[in-house]
Amino acid sequence: LEKLDAKEAFYVHGSNVFGPMGEEFIPFKDEAKANSFMKDHAGKGVIKFDEIKTYIGK
């Protein structure tokens with residue numbers, strides 16, 4: 001675990017890993033690791049910070 005700038009992170013959404021409030025955006029520093037996690041945990045996609053608001057609006 002390490003700090004990372006939220007605006008620089010890659011977020012996996014729709015995975016089978018849940019947080020305390022249910023479905024979470026799981027952040028990663030590296031896009032390749034985000035894609036690997038997405039494949040391993042049935043994620044729906046990888047998005048950037050500025051795309052979160054658009055995703056929530058769907």
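This is a predicted model: local features need pLDDT of at least 70, side-chain atom pairs count only at pLDDT 80 or more; totals for chains, interfaces and linings use all residues.

Student: Okay, in what order do the elements of the protein chain run from the N terminus on?
Tutor: Starting at the N terminus, the order is β-β-β-β-α-β-α, which gives the protein chain five strands and two helices.

Student: And how compact is the protein chain for its 58 residues?
Tutor: Its radius of gyration is 11 Å, close to the 10 Å that the globule rule gives for 58 residues, so the chain is as compact as a globular protein of that length. Along its principal axes, the C-alpha trace spans about 25 × 25 × 20 Å.

Student: What share of the contacts join residues at least 24 apart?
Tutor: If we take the contacts between residues at least 6 apart in sequence, 56% of them join residues at least 24 apart.

Student: Let's go inside: which residues make up the largest nonpolar core?
Tutor: That core has seven residues in all, namely F10, V12, I26, F28, A34, F37 and M38. At least two residues of this core come from each of β1 (10–13), β4 (26–28) and α1 (31–40), and α1 gives the most, with three residues. As for the chain as a whole, buried residues make up 26% of its 58 residues.

Student: Pick V12, then: what is it in contact with, leaving aside neighbours within four places in sequence?
Tutor: With those neighbours left aside, V12 is in contact with E24, F25, I26, F28, A34, F37, M38, G43, G45 and V46.

Student: Changing topic, what lines the largest pocket?
Tutor: The lining consists of L1, E2, L4, P27, F28 and K29, and these residues divide into four nonpolar, two charged and no polar. The space in this pocket comes to about 160 Å³.

Student: One last thing, what about the phi of A42?
Tutor: A42 has a positive phi of about 55 degrees, although it is not a glycine. For background, most residues other than glycine have a negative phi. A42 lies in the loop between α1 and β5 (45–48).

Student: Is A42 buried or exposed there?
Tutor: A42 is exposed, because its relative accessible area is 53% and exposed means over 50%.

Definitions and conventions
Residues are numbered from 1 along each chain as its sequence is written. Side-chain values use heavy atoms; hydrogens and water are left out. On a 1 Å grid over the protein atoms alone, a cavity is a set of points where a 1.4 Å probe fits but cannot get out, and a pocket is an open set with protein on both sides within 12 Å along at least five of seven lines; lining residues have an atom within 4 Å of a point. Grid points are joined across faces, edges and corners, and a volume is the space filled by probe spheres set on the points. Ala, Val, Leu, Ile, Met, Phe, Trp, Tyr, Cys and Pro count as nonpolar, Asp, Glu, Lys and Arg as charged, and the others, Gly among them, as polar. A nonpolar core is a set of buried Ala, Val, Leu, Ile, Met, Phe, Trp, Tyr and Cys residues joined through side-chain atoms within 4.5 Å. Buried means under 20% relative accessible area, exposed over 50%, partly exposed in between (1.4 Å probe, protein chains only). Helices (H or I, at least four residues) and strands (E, at least two) are DSSP runs, numbered from the N terminus. Contact means heavy atoms within 4.5 Å. The radius of gyration is taken over C-alpha atoms; the globule rule is 2.2 Å times the number of residues to the power 0.38.
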